[in-house]
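Here is a short report on one protein model. Look over the sequence and the structure, then read on.

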Amino acid sequence: MNGAESLVRTLLACGVDTVFANPGTSEMHFVAALDRVPGMRVVLATFEGVVAGAADGYARMSGKPAATLLHCAPGLANGLANFHNARRGHVPIVSIVGDQATYHKPLDPLLAADTIGFASGVSAWVRTAHHPSQVGAYAAEAVQAATAPPGGVATLILPSDASWSEGGAVAGPLPSFPPAPVEESAIADAVTTLRSGEATVIILADAALRRPAIDNAARIAAATGAHLISETFNTRAAHGAGLPDIGRIPYPIDAALAVLAPYRHAILVGAHDPVAFFAYPGRPGRQLPADARVHVLARPEEDGVDALARLAAALSAPPAAMPARPRAVPVSGAVTPQAFAQTLAALLPDNAVVVDEALTFGFPLYAATAAAAPHDCLQLTGGAIGDGLPMSTGAALGAPGRRVIDVQADGSALYTVQALWTQAREKLDVTTVVLANRRYEILFGELAGVGAAAGPASRALFGLGRPDHDWVKLAAGFGVEGARAETMEQFADLFMTANRRSGPFLIELVIP
């Protein structure tokens, strides 16, 4: 058995049965092993940024890691932005990177580069298998490392001679690491804080945004008067009618400062002390008031779900009544952010998966969809745009039978438009709504945020016109049917039609 076959067999033994791939010469023996070893689903993407983002979406919805297969350091480099998003979202991925043969790399061939250096910035674990006997054992370690709390990217670098040479050995799964329980002192500190009568906000992230954690968080809030909020961008959040109403810290710095200004205490559950995305002249970097005390109930690697249950019990908090929210109704007429958000909320299918890379036009979306049918919401955890189309691709594979709705800004969609081809090839149930405002609107806000005025150069750099992108034709070129909407009535008709059918569909919603 060669190293490549031991890798495939080990991944399967460890529960990794899906690989997103864009292979090259160094990975040919892995590809050949797939012909000999049944059981691995292989999904081709035509750009490595799609590979990384699809693995991210798959793991968020399936609850287990996918593998990625990339070609040498430059192939890895093409996927780094979306591996960064996965790292910041604590998403488990096993990244396999082919490399030059151990005896060939010292000759400095054209594709040789610092593979370890590239991988280290986005990975929780990096190893190089220099001999086929190491491949299986390292693969099992990679799965264990990727799934160890809080989750992350584990990168196994595979020189081609370690792949093609005989001497491979299959390794079995290693023990998994459950999240560590929080200390009783953290529970006691939270109880004291919540009973102090001082304004307190509980900031939730990761598993604390899903059931049963959000139900216990709602009990705690109802019993103590604390306010619940989440980080700005979250890995996966249960959202919609019948669920606790948990808002998000706004993205714009002034709005975030205003939302957090009333609080004297913040209790973190899997979340970080909130900071601004960038430095802005005359504004603080931390978003909580300077005199606010921060209390860590659970760190990202700790068991925040259990901590909330224990805290609710310590407070003797009764079950909380869920807020009554009237179901939204579609809006007719002109396309505006609020009209779009309300219409999408009214028409969202039951049990959908919403991938939110709407950016500026989508600011009202999360609040509006609190009245939508229950769904899961996936967001841009690392802030590196271009994850929406790939993430929706992976989410559809990780949650078969559920409609995936990708609400997608046009500028960021251009980073990874190749994901549409994979959606067509795999016949995935994805409805993509491209919000076509023909500009990087968020950058105009950032320009104002740093105290600069818009002028001809900024308008040229931030605009996406001259010529406009034709998203219906772009989708067709990748094998995805699409249509354009210029009014809310047209959008509503197309959205309902798309969600009733199987396979992918793209709606270009023109923003005036």
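## Helix α1

Buried means under 20% relative accessible area, exposed over 50%, and partly exposed in between, with a 1.4 Å probe and protein chains only. Helices (H or I, at least four residues) and strands (E, at least two) are DSSP runs, numbered from the N terminus.

The buried residues of α1 are G3, A4, E5, S6, L7, V8, T10 and L11. Their cover includes α2 (28-36), β3 (66-71), β4 (93-99), α6 (132-147), β6 (153-159) and α7 (160-164).

## How the model is read

This is a predicted model: local features need pLDDT of at least 70, side-chain atom pairs count only at pLDDT 80 or more, and totals for chains, interfaces and linings use all residues. Residues are numbered from 1 along each chain as its sequence is written, and side-chain values use heavy atoms, with hydrogens and water left out.

Helix α3 has 15 residues. From its first C-alpha to its last it reaches 21 Å, close to the 21 Å expected at 1.5 Å a residue. The expected span is 1.5 Å times one less than the number of residues. In α3, 14 of the 15 residues are buried, so the rest of the structure largely encloses this helix. Just after α3, G63 takes a positive phi of about 80°.

The largest nonpolar core has 46 residues. Such a core is a set of buried Ala, Val, Leu, Ile, Met, Phe, Trp, Tyr and Cys residues joined through side-chain atoms within 4.5 Å. F20, F83, I93, L378, V404, L420 and L506 have the most contacts inside it. α3 gives the most to this core, with 8 residues.

## L378 and A395

Which residues does L378 contact, leaving aside neighbours within four places in sequence? They are R60, M61, N234, T235, R236, V353, V354, V355, D356, M391 and A395. Contact means heavy atoms within 4.5 Å.

A395 lies in helix α14 (residues 388-398). Its relative accessible area is 0%, so A395 is buried. Not counting residues up to four places away in sequence, A395 touches G57, Y58, M61, V353, L378 and V404. A395 and R60 are 335 residues apart along the chain, yet their C-alpha atoms are separated by 7.2 Å.

## Aromatic rings

The count comes to 7 aromatic pairs. Rings of Phe, Tyr and Trp (its six-membered ring) pair if their centres lie within 6.5 Å; planes under 30 degrees apart are stacked, over 60 edge-to-face, and the rest tilted. F20 and Y58 form an edge-to-face pair, 6.0 Å centre to centre with 70° between the planes. F20 is in strand β1 (residues 18-22) and Y58 in helix α3 (residues 48-62), so the pair ties together parts 38 residues apart in sequence. F20 is buried at 2% relative accessibility, and Y58 is buried at 5%.

F491 and F495 are stacked, 5.2 Å centre to centre with 25° between the planes. They are 4 residues apart in helix α20 (residues 488-500), or about one helical turn. F233, Y251, F277 and F363 form one aromatic cluster.

## Charge and cysteines

The charged end of R248 sits over the ring of Y366, 5.2 Å from its centre. The rule asks for NZ of Lys or CZ of Arg within 6 Å of the ring centre and within 35 degrees of the ring normal.

How many disulfides does a search of the whole structure find? It finds 0. A disulfide here is a pair of cysteine sulfur atoms within 2.5 Å. C72 is buried at 0% relative accessibility, and C377 is buried at 4%.
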